[in-house]
Amino acid sequence: MTTAKQKRGIRTLIVLVLMAALCLPLLATGCGKANESKKSAAGGKKLKVVATVFPAYDWAKQILGKRAADTELTLLLKNGTDLHSYQPSAGDIAKIANCDVFIHVGGESDGWVKDALKEAKNKNMQVINLMEVMGKNKKQEEVKEGMQAEKEDDEKGGEEEVEYDEHVWLSLKNARTLCAAIEKALAKADSAHADTYAKNLKAYDAKLASLDADYTKATAAAKNKTLVFGDRFPFRYLVDDYHLDYYAAFVGCSAESEASFKTIAFLAKKVDALNLKTVMTIENNDHKIAKTIIKNTKKKNQKILTLDSMQSTTSKDIKGGATYLSVMQSNLKVLRKAL
């Protein structure tokens, strides 16, 4: 079985091959023809902003405000591709190489970014690594009691690497910190509109703070403080924000999809012990594990509720009006039912 780490290594190799292929047609011009026509935003060209994941894309869009119409804003993971299995195309790498602001998560799934940035044509590019912005506030992946650990083929005697939870956007408190970093980068790349970005950030930050307060109120009043997930669990930042507990089949970045009977039995017993009326999943899930957990409970009548981790948001969803705030508002409604 190919592990998540092996998959990430394969993706990095693919990126190197893609970059080589991208440069071959441009050898006659030193692989830099695109740079000849590239000017800064101040020089009259459109500001170019590239984000790997939907939350960062939408944050940039909100901070740009009306300026978004005059900005080439690109979301790379726009077809529902999961961050953990994303493989950048030659076109994606070219967009990154020529942008003014590049926003990426920065976890192990982004192992390809370092090599991609070596192709950068814009030496003044502002690069935002969300995990780096979080600093000491980023959290290590947590293997909870009953959770099925990821199968790793580690070398004998090798030290286990520390893995951090990449889903930093699933916290409104984190979002406020990360948006401030994006505003700062946009202002550096396009100083002529720095005041506009600052104003837009202030207005958006107030909305984030208001929704954060709604979450605090709802969770504080809840009788139940524990969630059981028949799925991966990317919501650790969220539950920690509001002092909730959880049990899950897998960690958030796991590549596993089949839960063992031991894991199923453990989670079913937790549902019984806590007298829970729901079992949780994330988006784009077939609910197979959740259904099996329910079949192994005493009452066998729990409902399945879904929280959206925003890892599969598509361009179609965006055209339909999906925003970071709208998804988090919907998640709050689901949490109220679950708690």
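A crossing of two helices is called right-handed if the near helix is turned clockwise from the far one by less than a right angle, and left-handed if it is turned anticlockwise. In this predicted model, helix 10 passes helix 11 in a right-handed crossing.

The chain as a whole has 13 helices and eight strands, and 51% of its 339 residues are buried.

**Helix packing**

| Helix pair | Axis distance | Angle |
|---|---|---|
| Helix 7 and helix 8 | within 9 Å | roughly 175 degrees |
| Helix 10 and helix 11 | within 8 Å | roughly 60 degrees |
| Helix 3 and helix 8 | 7 Å | about 120 degrees |

With axes that cross at roughly 175 degrees, helix 7 (residues 172-189) and helix 8 (residues 194-221) are roughly antiparallel, because angles over 145 degrees count as such. Helix 7 contributes residues including Leu172, Ala175, Cys179, Glu183 and Leu186 to this contact, while helix 8 contributes, among others, Tyr197, Leu201, Tyr204, Asp205 and Leu208. By class, the contact of helix 7 with helix 8 has 15 nonpolar, no polar and five charged residues.

The axes of helix 10 (residues 261-273) and helix 11 (residues 288-295) cross at roughly 60 degrees, and helix 10 is therefore oblique to helix 11. Here Ile264, Leu267, Ala268 and Val271 of helix 10 meet Ile289, Thr292 and Ile293 of helix 11, a set that divides into six nonpolar residues, one polar and no charged.

Helix 8 also packs against helix 3, at an angle of about 120 degrees. In this contact Asp58, Trp59, Gln62, Ile63 and Leu64 of helix 3 meet Tyr197, Asn200, Leu201 and Tyr204 of helix 8, and the residues comprise six nonpolar, two polar and one charged.

**The buried interior**

Helix 3 (residues 54-64) is largely enclosed by the rest of the structure, because nine of its 11 residues are buried. These are Phe54, Pro55, Ala56, Tyr57, Asp58, Trp59, Ala60, Ile63 and Leu64, and the helix is followed by Gly65, whose phi is positive, near 60 degrees.

In soluble globular proteins, nonpolar side chains tend to be buried together. The largest nonpolar core in this chain holds 81 residues, and Trp59, Ile103 and Tyr324 have the most contacts inside it; helix 7 gives the most to this core, with nine residues. Leaving aside residues up to four places away in sequence, Trp59 touches Leu130, Trp169, Ala175, Leu178, Cys179, Ile182, Tyr204 and Tyr324. A second, separate core of 15 residues includes Ala249, Phe250, Ala268 and Ile294.

Most residues other than glycine have a negative phi.

Key
Residues are numbered from 1 along each chain as its sequence is written. This is a predicted model: local features need pLDDT of at least 70, side-chain atom pairs count only at pLDDT 80 or more; totals for chains, interfaces and linings use all residues. Side-chain values use heavy atoms; hydrogens and water are left out. Axes are lines fitted to C-alpha atoms, for helices over the stretch in contact, and angles run from 0 to 180 degrees between N-to-C directions. Helices (H or I, at least four residues) and strands (E, at least two) are DSSP runs, numbered from the N terminus. Angles under 35 degrees count as roughly parallel, over 145 as roughly antiparallel, 65 to 115 as roughly perpendicular and the rest as oblique. Contact means heavy atoms within 4.5 Å. Ala, Val, Leu, Ile, Met, Phe, Trp, Tyr, Cys and Pro count as nonpolar, Asp, Glu, Lys and Arg as charged, and the others, Gly among them, as polar. A nonpolar core is a set of buried Ala, Val, Leu, Ile, Met, Phe, Trp, Tyr and Cys residues joined through side-chain atoms within 4.5 Å. Buried means under 20% relative accessible area, exposed over 50%, partly exposed in between (1.4 Å probe, protein chains only).
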